[in-house]
Protein chains: 4
Amino acid sequence: MDFQNLLNIIYKDCKSASTEGKVANYIPELAKINPNKFGMALITKDESLYSVGDSAEAFSIQSIVKVISLCIAKEYLGKDLWKRVSVEPSGTPFNSLTELERENGIPRNPFINAGALVVTDVLIDILEHPKQDFLKFVRRLTKDNSINYNAEVAKSEQKHGYRNTALINYMKALGNINNSPVEVLDLYYHMCAIEMNCEQLAKTFLVFANQGRLANSDEEVISAKSVKRINAIMQTCGFYDEAGEFAYKVGLPGKSGVGGGIVAVHPNAYSVAVWSPKLNQKGNSQLGISALESLTTLSGLSVF
Amino acid sequence: MDFQNLLNIIYKDCKSASTEGKVANYIPELAKINPNKFGMALITKDESLYSVGDSAEAFSIQSIVKVISLCIAKEYLGKDLWKRVSVEPSGTPFNSLTELERENGIPRNPFINAGALVVTDVLIDILEHPKQDFLKFVRRLTKDNSINYNAEVAKSEQKHGYRNTALINYMKALGNINNSPVEVLDLYYHMCAIEMNCEQLAKTFLVFANQGRLANSDEEVISAKSVKRINAIMQTCGFYDEAGEFAYKVGLPGKSGVGGGIVAVHPNAYSVAVWSPKLNQKGNSQLGISALESLTTLSGLSVF
Amino acid sequence: MDFQNLLNIIYKDCKSASTEGKVANYIPELAKINPNKFGMALITKDESLYSVGDSAEAFSIQSIVKVISLCIAKEYLGKDLWKRVSVEPSGTPFNSLTELERENGIPRNPFINAGALVVTDVLIDILEHPKQDFLKFVRRLTKDNSINYNAEVAKSEQKHGYRNTALINYMKALGNINNSPVEVLDLYYHMCAIEMNCEQLAKTFLVFANQGRLANSDEEVISAKSVKRINAIMQTCGFYDEAGEFAYKVGLPGKSGVGGGIVAVHPNAYSVAVWSPKLNQKGNSQLGISALESLTTLSGLSVF
Amino acid sequence: MDFQNLLNIIYKDCKSASTEGKVANYIPELAKINPNKFGMALITKDESLYSVGDSAEAFSIQSIVKVISLCIAKEYLGKDLWKRVSVEPSGTPFNSLTELERENGIPRNPFINAGALVVTDVLIDILEHPKQDFLKFVRRLTKDNSINYNAEVAKSEQKHGYRNTALINYMKALGNINNSPVEVLDLYYHMCAIEMNCEQLAKTFLVFANQGRLANSDEEVISAKSVKRINAIMQTCGFYDEAGEFAYKVGLPGKSGVGGGIVAVHPNAYSVAVWSPKLNQKGNSQLGISALESLTTLSGLSVF
């Protein structure tokens with residue numbers, strides 16, 4: 001498959017497409033991004049890298065980080081994790097309180113905000129130095145020690161995070177948070193504020209296309225069984241209230257963030273990251289979804 | 001892959017497993033099934049058939065039929081179908097009215113009862129002789145003219161179907177049903193009352209593992225694009241409120257029915273049907289899910 | 001209190017008021033009413049009658065009838081009635097299915113449609129000839145044998161009643177309806193299709209201002225205790241999702257209907273009926289509420 | 001009416017009744033109350049005071065205070081208050097987030113926690129020294145300068161108040177809170193921690209039975225119109241999810257608190273306070289409701 005050619009075609013289409021989406025603007029740091037940025041990078045199991053556009057420019061990965069934090073929590077807690085968070089798709093927006101109330105404080109899945117907060121609470125329990133240890137894990141996956149938190153973004157999220165404060169206090173009231181809400185939120189906002197470019201992001205997620213091993217290495221970072229399961233959760237829950245639509249259009253497990261990034265995985269083949277800041281009404285990158293739809297349609301390859 | 005050997009191992013495990021599930025008992029015809037029945041059949045793209053246990057004994061396929069009716073409606077209406085039914089997973093049980101009210105009568109997906117009723121309404125609009133034409137389509141997929149409706153089962157469902165009557169009248173009130181509720185329900189209950197054995201069921205669904213073509217034939221029954229999309233919908237919505245759990249454990253697109261049947265598809269490889277009448281609390285065959293989990297774990301093959 | 005003078009003032013104000021409300025138009029019989037009709041009648045405990053405008057012109061009392069059917073069911077079943085319908089205000093519109101699902105088929109109160117259907121089901125159980133016996137009871141309260149059902153209206157409601165069909169079948173599925181849905185709906189639609197003018201309506205409800213006795217008589221139709229309780233239910237639940245607003249503005253127990261009628265009761269003093277077909281967004285007569293607010297404000301009399 | 005005799009009869013009945021209710025135990029200060037305490041006090045418009053049992057022993061008035069804070073906010077803001085909080089009964093428990101989400105952060109009424117928090121936010125906007133000014137207002141109503149906050153109770157509530165923290169942050173996110181959540185909660189917990197005995201409580205609420213004037217005085221503290229309206233809100237919303245039941249059984253406007261107190265008002269006649277710490281499942285004083293039901297039944301007096 002000539003992936004570079006595919007990426008060139010997609011890039012050309014996307015640059016000429018007119019979009020109505022809007023850049024996330026709830027914090028100044030996200031609002032000031034140039035809305036016309038577009039980058040894409042694909043890396044195969046053998047570490048061949050293909051890229052196009054602004055693929056070397058860093059952006060805030062936001063909710064995409066939830067997949068990585070889930071990995072760590074799952075490896076430590078195993079099945080016990082599912083006592084505190086379910087793996088079912090949510091029928092409501094990512095920050096809904098209604099569903100959480102109906103389910104007595106057990107979030108529907110680890111990728112809605114409530115579920116990611118529970119996973120963060122787990123990280124504080126199991127990591128000795130949560131912020132440093134988490135960053136170390138990300139750098140190990142990416143094989144790149146330059147990856148870091150953007151403290152400004154984290155601080156700004158904290159300042160406007162009334163809704164997340166509501167979610168975590170509600171779960172604390174129902175007994176599903178062990179640590180102090182303030183401490184959990186601090187780690188959560190830092191993790192969301194990690195910055196990567198498309199190439200780094202694709203590299204980070206290659207582990208999910210490689211049965212849990214680092215590329216060109218026998219080092220197993222995550223068990224093959226966990227990889228299968230986390231891919232399944234990405235497939236069913238990775239796009240908030242648009243998970244079905246994404247599975248339907250793209251047919252790959254993936255995860256999006258409000259920074260405009262999307263990462264997707266073709267098990268045993270490749271991982272791919274795309275970045276375009278304009279979001280559709282469901283909060284996912286509009287061109288990002290189109291680009292990935294083109295990729296699986298043009299290549300004829302999807303998990304389905 | 002020695003599928004026959006795998007099936008033998010799974011059969012042995014399942015026969016000795018103790019289960020707490022219960023046979024569906026809301027109509028007499030389903031309640032009188034021997035709860036200890038267990039059959040399984042797998043058919044590969046080249047039509048090699050492997051089977052074990054009660055794989056030649058017919059049972060009521062029930063909700064599994066919703067995938068077939070969706071195929072027909074999708075082929076005729078194309079994208080317009082999605083104006084009347086969404087493709088997002090549902091966060092609530094398969095016959096919930098709450099969600100339907102929130103979404104103004106547009107069902108979340110075609111596999112919850114409300115969505116299947118809308119699809120049935122479409123069939124009445126597009127098929128000249130709905131009951132005969134539908135059966136003809138199923139027989140074409142299965143290459144078996146003995147497939148038929150069980151009129152007794154259909155009649156019994158009708159008699160106890162107050163909840164479906166509620167669903168369809170509610171959608172009629174909101175303008176999402178064209179035909180008379182009575183007529184739609186009649187076709188719906190007949191379709192659910194189709195009987196097949198595991199071998200026939202696996203054969204029927206082989207089309208979804210074969211990019212829409214009949215096996216060993218160039219005849220395209222469904223477009224490759226539609227197949228990709230219907231597989232995606234099975235993956236995200238095929239198991240009511242247990243879709244995430246099934247994706248997580250089994251990692252294949254599939255569909256279950258309250259008759260105890262489950263069918264799953266490994267795109268470009270095989271389709272597999274399993275039957276065990278005892279249902280878990282979410283209404284899916286308990287041993288059926290275990291058997292499929294063993295299949296993908298032992299074979300090391302899943303879409304993830 | 002010079003009630004006639006008050007009514008004259010209110011009439012003048014209402015005739016000159018501009019309203020944005022709309023006549024109920026879901027059935028032709030209601031849609032063809034002259035929207036500018038306005039009538040009002042007040043009758044005191046000693047049967048002094050005051051009236052103004054179109055107070056002698058009959059209209060469809062619709063949901064107002066639910067108070068009368070509740071009386072009969074309550075007298076027969078006593079406390080047992082509350083096992084099948086609650087007496088709590090509803091936080092959602094009058095025909096919501098969501099709440100009914102959350103409460104497992106036990107309607108929140110007897111004045112939302114679901115609750116009124118349960119009460120109607122009770123009437124079929126306890127009355128020998130439901131339609132005749134019910135009419136007889138109404139005529140006894142009104143002391144007027146000309147009161148009757150409008151069969152055309154009942155038939156038309158039946159024809160468009162998909163939502164009520166949904167509600168009753170849902171409750172039947174959950175075991176809270178004893179009789180056939182079709183039979184219950186038939187009685188229900190007939191009861192709603194009773195026609196009265198304001199004077200007759202005020203007379204009918206005088207029993208609730210007179211501790212259950214017919215005016216100028218020792219004949220107790222309803223126990224004083226039941227009257228106290230039914231007035232309380234009218235106060236908290238009589239105006240769908242606008243009950244709090246009505247209590248707040250008017251301060252009297254009352255009940256509205258989509259035909260544009262409202263009846264209210266000042267215990268131990270008077271009953272009052274008003275009719276103006278234009279409805280506000282909550283489905284209650286817009287001028288009717290204004291008129292009653294003026295009545296309690298100008299007279300300085302309310303239960304609060 | 002010989003109220004002292006009535007109170008004696010009720011006291012005797014209540015002391016011998018066996019109850020299954022439980023004292024509120026979410027904070028240590030409430031949990032340590034003797035569950036068998038029972039006090040009742042009734043004061044008529046002319047300030048005749050009748051009392052029985054532990055009527056001179058102070059307890060935490062908790063949610064009862066919400067009526068007083070509403071008075072102040074209503075007097076200052078007038079109708080504008082209703083843009084930020086509705087006056088409709090809630091169909092869900094007092095601290096539900098679901099309803100708040102459905103209504104976009106506008107609480108259903110000022111007596112559920114969310115609504116009371118909005119009212120508290122208003123007080124911070126309009127009072128120069130919120131804590132002192134509020135206490136001053138309460139002392140003016142009660143004509144008793146010994147009334148005070150219990151700082152220990154306030155502190156303890158704050159410490160366990162995750163759910164209220166959730167509610168207020170959620171409304172802050174939706175733009176319905178002007179001040180800092182921490183500041184609003186601090187005032188809220190102090191107000192709830194006011195202590196009174198039954199006699200003081202009855203005196204405080206006499207203003208609602210006296211058209212807004214202090215007893216034996218021409219001093220209007222609240223407008224007569226506001227009194228009518230606040231009584232109406234107490235009637236429809238004063239008992240969380242048991243408002244209909246209370247209206248049905250007791251037939252008076254009233255308000256309860258988890259400290260076991262209930263106060264009720266018979267407009268133009270009397271106010272009455274009762275205290276018994278054991279709560280029923282809906283969070284209202286079990287014997288308190290019984291006592292008030294006996295009062296209106298034995299006296300034959302209720303607003304209905």
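This is a predicted model: local features need pLDDT of at least 70, side-chain atom pairs count only at pLDDT 80 or more; totals for chains, interfaces and linings use all residues.

A: Begin with helix α1(D), whose buried residues are Phe3(D), Leu6(D), Leu7(D), Ile10(D) and Cys14(D). Seen down the axis of α1(D), these buried residues fall within an arc of 95°, so they line one face of the helix.

Q: Which exposed residues does the face of α1(D) turned away from its buried side carry?

A: That face carries Lys12(D) and Ser16(D).

Q: What covers the buried residues of α1(D)?

A: The cover includes strands β2 (39-44), β3 (49-53) and β9 (270-275), together with α13 (286-299), of chain D.

Q: What span should the 14 residues of α1(D) have, and how far apart are its end C-alpha atoms?

A: The expected span counts 1.5 Å for one less than the number of residues. For α1(D), residues 3-16, that should come to 20 Å, and the end C-alpha atoms are 20 Å apart, which agrees.

Q: Now the strands. How many of the six residues of strand β8(D) are buried?

A: A residue counts as buried when its relative accessible area is under 20%. In β8(D), residues 261-266, six of the six residues are buried, so the strand is largely enclosed by the rest of the structure. Gly261(D), Val263(D) and Val265(D) point one way, Ile262(D), Ala264(D) and His266(D) point the other way, and all are buried.

Q: How many bridges join β7(D) to β8(D), and do the strands run parallel or antiparallel?

A: Strand β7(D), residues 254-256, runs antiparallel to β8(D), and three bridges join them. Lys255(D) has Val263(D) of β8(D) as its bridge partner. The hairpin of these strands has four residues between them, and in this hairpin Gly260(D) takes a positive phi near 100°.

Q: How many bridges pair β8(D) with β9(D)?

A: Six bridges pair them, again in the antiparallel sense. Here Val265(D) has Ser271(D) of β9(D) as its bridge partner. This hairpin has three residues between the strands, and Asn268(D) takes a positive phi near 65°.

Q: Next, salt bridges. How many are found over all chains?

A: Side chains of opposite charge can pair when their charged atoms come close. A search of the whole structure finds 40 salt bridges over all chains. One of them joins the side chains of Lys143(A) and Glu47(A), at 3.4 Å from N to O. Lys143(A) lies in the loop between α6 (130-142) and β5 (148-149) of chain A, and Glu47(A) in the loop between β2 (39-44) and β3 (49-53) of chain A, so the pair ties together parts that are 96 residues apart in sequence. Lys143(A) counts as partly exposed, at 46% relative accessibility, and Glu47(A) also counts as partly exposed, at 32%.

Q: Are Arg84(C) and Asp121(C) buried or exposed?

A: Arg84(C) counts as buried at 16% relative accessibility, and Asp121(C) is buried with a relative accessible area of 0%. Their side chains meet in a salt bridge of 2.7 Å, N to O. The pair links distant parts of the chain, 37 residues apart: Arg84(C) is in the loop between α3 (65-77) and α4 (98-102) of chain C, and Asp121(C) is in helix α5 (residues 113-126) of chain C.

Q: Which residues are linked with Arg102(A) in a network of salt bridges?

A: Glu103(A) and Arg108(A) are linked with Arg102(A) in that network.

Q: Now the interfaces. What area is buried between chain A and chain B?

A: The size of an interface is often given as the accessible area lost when the parts come together. Between chain A and chain B the buried area is about 2800 Å², of which carbon and sulfur atoms give 55%. Lys228(A), Tyr248(A) and Phe304(A) supply 31% of the area that chain A buries against chain B, more than any other three residues. In this interface 35 residues of chain A are in contact with 36 residues of chain B.

Q: How many salt bridges are counted between chain A and chain B?

A: The count is two. Glu293(A) and Arg229(B) meet through their side chains in a salt bridge of 2.9 Å, N to O.

Q: What area is buried between chain D and chain A?

A: The buried area is about 1400 Å², with carbon and sulfur atoms giving 64% of it. On the chain D side, Glu101(D), Tyr162(D) and Arg163(D) lose the most area to chain A, together 37% of what that side buries. The contact involves 15 residues of chain D and 15 residues of chain A, and the count of salt bridges between these chains is zero.

Technical notes: Residues are numbered from 1 along each chain as its sequence is written. Chains are lettered from A and ligands numbered from 1 in the order in which they are written. Side-chain values use heavy atoms; hydrogens and water are left out. Helices (H or I, at least four residues) and strands (E, at least two) are DSSP runs, numbered from the N terminus. Buried means under 20% relative accessible area, exposed over 50%, partly exposed in between (1.4 Å probe, protein chains only). The arc is that of the directions from the helix axis to the C-beta atoms. Contact means heavy atoms within 4.5 Å. Two strands pair if DSSP finds at least two bridges between them. Buried area is the accessible area (1.4 Å probe) that two parts lose on being put together, summed over both. A salt bridge is a side-chain nitrogen of Lys or Arg within 4 Å of a carboxyl oxygen of Asp or Glu.
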